[in-house]
Each structure stands twice: as C-alpha cells, then as structure tokens.
Protein chains: 2
Amino acid sequence: MTDTTTLVIILVEPQLGRNIGSVARAMLNFGLTRLRLVRPRDGWPNPEAAPSAAGAEQILQEVEVFSTTQDAMADLNRVFATSARPHDMIKSVYTPHMALEHLAETAHQNQKVGVLFGGERCGLCSEDVALCEALIKIPSNAAFPSLNIAHAVALIAYEWAIQVAPTPSQVFRIGHTSLATRAELGQFFAHLEASLDKSGFLRHPNKRPTMVRNLRNIFQRAHLTEQEIRTLRGVITSLTTEVGRG
Amino acid sequence: MTDTTTLVIILVEPQLGRNIGSVARAMLNFGLTRLRLVRPRDGWPNPEAAPSAAGAEQILQEVEVFSTTQDAMADLNRVFATSARPHDMIKSVYTPHMALEHLAETAHQNQKVGVLFGGERCGLCSEDVALCEALIKIPSNAAFPSLNIAHAVALIAYEWAIQVAPTPSQVFRIGHTSLATRAELGQFFAHLEASLDKSGFLRHPNKRPTMVRNLRNIFQRAHLTEQEIRTLRGVITSLTTEVGRG
C-alpha cells in the first residue's frame, strides 16, 4: 500500500471538539490520517479536540475545513455515506464490511475514496446522502440506533484496516518454545496411563479404553508445547511420589 | 435468540466514569445490556457515567461490581480477553470477528459467555489474561495501538451483533417503487437511440454498435426503477423538443 492509498474521513457539521479529537484517535488507531470537516459548529481549530485525540494531534493539525459537502469530496472518486435512516432514496445499502471491501478495492486501483459522517444532532441530510454513491448502514439496535460519531468512525476505520492488512482469524501463539511432537505427546500419554494403571484409576478393563480416550482428548485440545509436556510429566511424577509417601 | 443468549462485558479497573457511560451506550447500540466492573477506580455508582451513556442509563443501573476478576467471571462458561500486548503466553489469539463467531456459537448452546477489557492506564495484567481461554487482538496500528475503552467495546459489540443478527452485505433499497422490467428498459433504450440517430450523435455506422453498447451499460449499472425510466424518457423528450426549437 502506498501513501496515496488511504480513506478520507469527512464529518459534516460536527459539534463537539471532544468528539472530533476522539475521531482522530480512532482514525490513527487503524492507520487513517486524512480528516475533513464541513462547517464545524464551533469553528476550527478547536482547543477541545486535542485532549481526546490522546496522541493523534498530528491528524488535527492537518484537518481540512470546507464550507460545503460538495467541496469536501470534490477530488474523491468514490464516496459512501453512513446513515441509520433510510432517507427514502433508491440506493444501495452496504454493511460496513462489504462497503470497505469495495472502497479498499477501488483505492487499490489508485482511486481516491472517502466516507461521509453526519453530525451529532441529526446525522446526514438527504442532500448530502444524494452526493454519495451508496449508503453504509451500521447494524445497530433498532431501538437505540444512534452511535457516538467517534464510535461510528472507529468501526469504519477498523473495517478499512481489515481490508488493507488482513490477519489470520486465529494464531496460536507459542512464543520462543515449540509445540510438542506427536512422539513427545505419546510418551506423556504412556507415562500418565502407566501411572493410572498403577494407582488403580484404570482398573476396570471394560471402561479403560473410553477413559483413556477421554483423557487423551483433554490434552489434545490443549495444544501442548514441549516445555508443557515436561511440566506435566513432572506433575505426574510428583503426585505418584506423594502417593508413595502416604 | 432468547434473553439468556447474551454477551457479558467485564471492565477491569476502569478509571473514568465518562468512559463507563460511553461503554454502556456502545453496548446498547448493539443490543448488549450486561456490564460488570471490577474495582472501578472512582467507586460505583459514578455520576459522571450517565451523560455519556446518552440514553443507555438502564445498563448503568444494572451494573454489577466485583472485587476480583475471578468473581466477575465465576458464572460464565467461556471468556476471552482483549489485549494489544502479547503477554508472553501460550494462547490462541483471535481476530474480533472470529472470536465473536466462537462466542456466539457457544452462547447459542446455552453457555454464558463474556469478554474482558482492561482499564485506561495499562490494559489487562497477565494474571487476568491467564483466567481467560483466549485473546482477542483488535487489528490496530502498531505505532498507535491503544484504543479508547469504549471504542474497543463498540467493536466487540458490533462483531457480536453481526453474529446474532446477520444482515445481507448489500441491499438495493427501492422503497415503494419497483425495478424497471427488461421490457421497459428496452423501450427506453429504443427511445434514446432513435433520438440520437435523429440528432446525428450515432451517425458513424462503424462506431454505432460500440457507442450503443457503452450507453446501454451506463444505464444497466444504474439499476433503474420504473419511475426513473419514465423520468429519463421525459428528459429525452424535453431535450429533443428543445433542439427542435433551436
């Protein structure tokens, strides 16, 4: 990804400086830096923005201010609007995930993309929505749909980050150690089962196969490392020695 | 989904009442209601929480407070911890999307599930992480990874909402009207092309097929409704009448 491949965030008539700072923080958390404001209620710069930016002040310093929504998106090739309301318009409505998949794909083709957010009081007006290609509807609770503007920007920026830097759904973090080999696991099972044969836990021959299988499954699910195998074998040795003393 | 199928949000040592209120708002935005606090710095109840809850005060009134993390999760069957730091532990690390897929699936089997969040100052300590089955890593900017706690809760609650109430990736909203039939679209093309033949726009026979195809594709992409077809035909009629006057 080059520097030009980014998503522009446009806030129309934002009210509270604190929220604008919080938007900047959420943007930088997910690698976004370009923030534009249309007619901010309290003017710009706004000293109330920096504290909630919590380290993202650079974004505030580079904010661009516009007097119309049209001007704020003039150089962009593709802009979607976030809105919880239907606006009675004939338009595509995307989930955040699908919208950002489209926008990231478009940005990847060296097109400039952006997302438009309405202010705290009543969101985007229909005229602003009509300037955009499509709507993004955040799947919120119908009985309590109004998100804080910084929360809404955080979700969109998060979905952008997923598109531009995909990560595996699950990583099993093993640090500097190594997973046990199947042989080490087998030796552990042999140690455990021999100890349990001796202690009488597996004394019923008809139940033994099921009990052994259940025990093995517990430890299969634990994805043991070689160090953990050594630890568990130490535990068995310690417990059997303890029993011997009793 | 029944009332018991929910996700419990646990905040460990949260500091600012304002953030706790903001967490409550984000939770209710995505249909979550059960909030637990472990050792809130400024005690509980905290009068600074309600303003930022912005309508989600009911959640604040039903907050449960605990003195240990262990107690806060005692009745839960499955708990994941959110953390940006690796904690040098041998543990699975999930994306928010995959983590919530697992937790929603578990909740669907009538198991109680929760997610643990650390406080504003330094997140979760390793002892708290060790009480949890796995980690959730929000894919944030490595150079600026620390999310506001309410933003983090909003993302997790959003991913929960996606699991429990999936919505189509794209809906083409047509309101009370109907999409044009293929016949109506064909009549529109015939009207447009006859007018352009007459005006001379399509006068080069070797270019005509390509020009016609390109024009048709523009309007194919627009997913026109029957009302919009009538509007566009009115536009053509109006323009050709205007030309006639000239």
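How many Å should the 13 residues of helix 1 of chain B span, at 1.5 Å a residue, and how far apart are its end C-alpha atoms? The model is predicted. Helix 1 of chain B, residues 17-29, should span 18 Å, and its end C-alpha atoms lie 19 Å apart, which agrees.

Twelve of the 13 residues of helix 1 of chain B are buried, so the helix is largely enclosed by the rest of the structure. Among these buried residues are G17(B), I20(B), R25(B) and N29(B). They pack against helix 7 (149-164) of chain A and, within chain B, against strand 1 (7-12), strand 2 (35-38), helix 2 (49-53), helix 3 (57-61) and helix 7 (149-164). Just after helix 1 of chain B, G31(B) adopts a positive phi of about 80°.

Chain B is superposed on chain A by a rotation of 180° with 0.0 Å of shift along its axis, at an RMSD of 0.0 Å. The two copies are thus related as by a two-fold rotation axis. The same surface serves both copies, since 100% of the contact residues of chain B recur in chain A.

The contact draws 42 residues from chain B and 43 residues from chain A. On the side of chain B that touches chain A, helix 7 of chain B gives the most, with seven residues. The classes on that side are as follows.

| Class, side of chain B that touches chain A | Residues |
|---|---|
| Nonpolar | 22 residues |
| Polar | 16 residues |

Strand 8 (residues 170-173) of chain A and strand 5 of chain B run antiparallel, joined by four bridges. In strand 5 of chain B, S92(B) is the bridge partner of F172(A).

Key
Residues are numbered from 1 along each chain as its sequence is written. Chains are lettered from A and ligands numbered from 1 in the order in which they are written. This is a predicted model: local features need pLDDT of at least 70, side-chain atom pairs count only at pLDDT 80 or more; totals for chains, interfaces and linings use all residues. Copies are superposed by least squares on the C-alpha atoms of residues with pLDDT of at least 70 in both. Two residues are in contact if their C-beta atoms, placed from the backbone, lie within 7 Å. Helices (H or I, at least four residues) and strands (E, at least two) are DSSP runs, numbered from the N terminus. The expected span of a helix is 1.5 Å times one less than its number of residues. A residue is buried if 20 or more other C-beta atoms lie within 10 Å of its own, exposed if 12 or fewer, and partly exposed in between; C-beta atoms are placed from the backbone. Ala, Val, Leu, Ile, Met, Phe, Trp, Tyr, Cys and Pro count as nonpolar, Asp, Glu, Lys and Arg as charged, and the others, Gly among them, as polar. Two strands pair if DSSP finds at least two bridges between them.
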